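Hello,

Here is the structure I said I would pass on. My notes on helix packing and ring contacts follow it.

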Amino acid sequence: MSFVTVAYGVVFYVATVVLVVGVFNKVVQFARAPAPLKIPTMPAPLTRHGAAGRVAREVVLFESLFRSDKWLWLFAVMFHAGLLLVLLRHVRYFLSPEWGVIWDLVVLVQPFGLYAAFALVGGGIMLLGRRMVLARIRYITSPSDVLLLLLILLIGTSGALMTFVVHTDIIALKQFFVGLMTFSLNPLPTDAVLLVHLFCVAVLMIVFPFSKLLHAPGVFFSPTRNQCDNTRERRHIAAWAASLESDCGS
Amino acid sequence: MAKFEIPVLSEEPAEDVPGIAVNAMAHSRPFVAKPEHNAPLGFPGALVDDWQEKALGRMGDLLKRFRSLRVFLDSCVKCGSCADKCHYFLGTGDPKNMPVARQDLLRSVYRRYFTLPGKMFGSLVGARDLTQDVLEEWYTYFHQCSQCRRCSVFCPYGIDTAEISMAARDIMDHIGYGQKYCNEIIAKVHKIGNNLGLPGPALSNTLSGLEEDVLDQTGHDVKFPLDVEGADILLVTPSADFFAEPHVDGLIGYAKVFHQAGVSWTVSSYASEAANFGMFIGSYEQMHKVSNRIRKAAQDLKVKRIVFGECGHAWRVAYSFLNTLAGPWDFLDPNYPVPQHIIEFTTDLIRRGGVTLDKSANAGMVLTLHDSCNVARGARMGDQPGGQFVLPRELIKACVPKYVDMHPETTHDKTFCCGGGGGLLTDDLMELRVKGAKPRVEALKQVMRNDGVTHMASLCAICKSQFTKVLPYYDIDMETVVSIHGLVSKAIRLGTNHV
Ligand code: SF4
Ligand code: SF4
């Protein structure tokens, strides 16, 4: 087995473990941290279902962003929708037709996923451009913000390059990943574009749990969005705050 | 008149985003609390020697106590959606007044000491050591946030810079570097019962004075009861209502409404303050202690209901936190919400035909409403979401011949802070207050120009004080600001149809 195959095998095992364990830890940390006061940004839904709907609208439609800045909303939707479709398209490199309905869906998404790369890269370029051009956005940008965008742009362009220009041996690639999932190593094609693409993906997976990419799980835990407005009807109290009760004499 | 430049107003509100002027407000900071202000709150008297260690320790505690802090510090993507939404940025151009940049003052330290990449890569990922300079920057810019939550409306993750400012102020208090204005006031509440330090006898004098005035003016014996045991309603109102203009007109309005409703009510000298500055300094413990004065007063006076007067942040603490901090309220009458807002009380009475309002008493007035930030984004009125926008408008329209809303980008949940909220209503921050009022004043001037608006109603003690002081800098008469219940007070017909 070639050095490249072994190295990439190891890198992807490590990246997967870091991503899964890292995000799991963060989610546990978010979930365990108490929310002692009700702080939904008002007006807020009155029920928990309503609040779940509000979070869903943030996740799917970027509702607050839409109210704020239509251009930014457009770039962000291009970028994220592109990313989602591209990811869905990639599912076929890990599954086989035996998956029935899921496989059918994966097949269904292919033509969209194909061109979604342009939305992803286009949106990403606009987001990057915005960081360079608008003085106030430049002010709040740190090097890691630019590096992350560049990383994703590199992933997107190298991917699109392989789809449309320099095709790689996709059968062998799939065997490599299916092999990793069953703990056996199959040879990885060694064309440069593919290696760059995969390496960047692994890096992205590793930085995910330590970076602002945590906005993905974070949005579900944001108290200003996921809490409902019912404080007069129901008493809400955190465990640590309850310990203060004894010293107020009532 | 001023030692600083008054911002130039633009014709079209909410469209004018300033270029960035680095350090434009670096000189603006409130007086630091002295030992005598800190001691009654249990904070160290002055900056402690091992402040850095203590600050990081407190930050670690807060991260474990508040999910908001943890999630907000981790989730910001620096998209800048919030950047042009803060009235202090819009009024000053200082980039550190962009909400995201304000958060970053704390986030950079969080990343440095509490995250792996911050420990490893430092400034590459925006991490900074907690130095004396950073602390000074915290003190400066976390006292340029009025905790109005406008930024959180526009953030895709709902990141609320108010939560970050509160945490930062709490950390500073724990190392002996708190703000004089807030801590001095909280100490007065602990000792005397209200922010102004107005003792029981003075309060009693004031209230009986008001009784005489109203009797003289109307011929009706409207009572202003104090510490009456067994009254139905405990009125908790900001202490400014007891004497300052235009606040006191509001108090007279409440009294007339209660009189007309035929209910018994009382003010408590022990809990003679609706405001709870514990929120401004981000201290759950202080908020808890202040709130429980209301609980004790309600129990001692054996009231059945609690009604709050007009005050923005007080209403946020009351509506959103009081049940948590000082509940459960199982000893009060379950037929009424606890607490109730005076505007809820009055609009309900109007709907039931319990009062007659005569608009001609306010003839010639064209009103607009400044939605107070903490009522708009931190609380509710009535039983529908957004009732905090509907009920005040309904009430004003019932009292005056004409009402006009300001620019839609500056009302409802997009309303701007008056510029003096969140513990910044102090003379040592005058420049900030004037500049922070800019977005609101632009919108006000527009309706004054185009629609002949003569007055702006407010339902918050801080807004009222801030505007009466700041509007003259923009050539608007201080008497433009009125209490909503000041309008009610004029329009109400006493002695007609009791319910
Ligand atoms: S809470 Fe208000 S004052 Fe503070 S940063 Fe946000 S918009 Fe500005
Ligand atoms: S809008 Fe939210 S995510 Fe965007 S920069 Fe502001 S705080 Fe960060």
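Phe114(B) has a relative accessibility of 31%, so it counts as partly exposed. Tyr110(B), at 0%, counts as buried. Please keep in mind that this is a predicted model.

Over all chains, the search of the whole structure gives 23 aromatic pairs. In another of them, Phe176(A) and Phe177(A), the planes are at 80° with 5.1 Å between ring centres, so this pair is edge-to-face. Phe176(A) and Phe177(A) are both buried. They also belong to a cluster, linked by ring pairs, that includes Phe12(A) and Phe94(A).

Charges over rings, in chain B:
- Lys85(B) is over the face of Phe154(B), 5.1 Å from the ring centre.
- Arg295(B) has its charged end over the ring of Trp329(B), at 5.8 Å from the centre.

On helix packing, H15 (residues 342-351) and H21 (residues 484-491), both of chain B, pack at an angle of about 35°, and their axes are 11 Å apart. The crossing of H15(B) and H21(B) is left-handed. On the H15(B) side the contact involves Ile342(B), Ile343(B) and Thr346(B); on the H21(B) side, Ile484(B), His485(B) and Val488(B). By class, four of the residues in this contact are nonpolar, two are polar and none is charged.

Regards

Technical notes:
Residues numbered from 1 in each chain as written. Chains lettered and ligands numbered in written order. Predicted model: local features only at pLDDT ≥ 70, side-chain atom pairs only at ≥ 80, totals over all residues. Heavy atoms only, no water. Axes fitted to C-alpha atoms, helices over the stretch in contact; angles between N-to-C directions. Helix = DSSP H or I, 4+ residues; strand = E, 2+ residues; numbered from the N terminus. Left-handed = near helix turned anticlockwise from the far one by under 90°. Contact = heavy atoms within 4.5 Å. Nonpolar A, V, L, I, M, F, W, Y, C, P; charged D, E, K, R; others polar. Phe/Tyr/Trp six-rings, centres within 6.5 Å; stacked < 30°, edge-to-face > 60°. Buried < 20%, exposed > 50% of the residue type's maximum accessible area, 1.4 Å probe, protein only. Lys NZ or Arg CZ within 6 Å of the ring centre and 35° of its normal.
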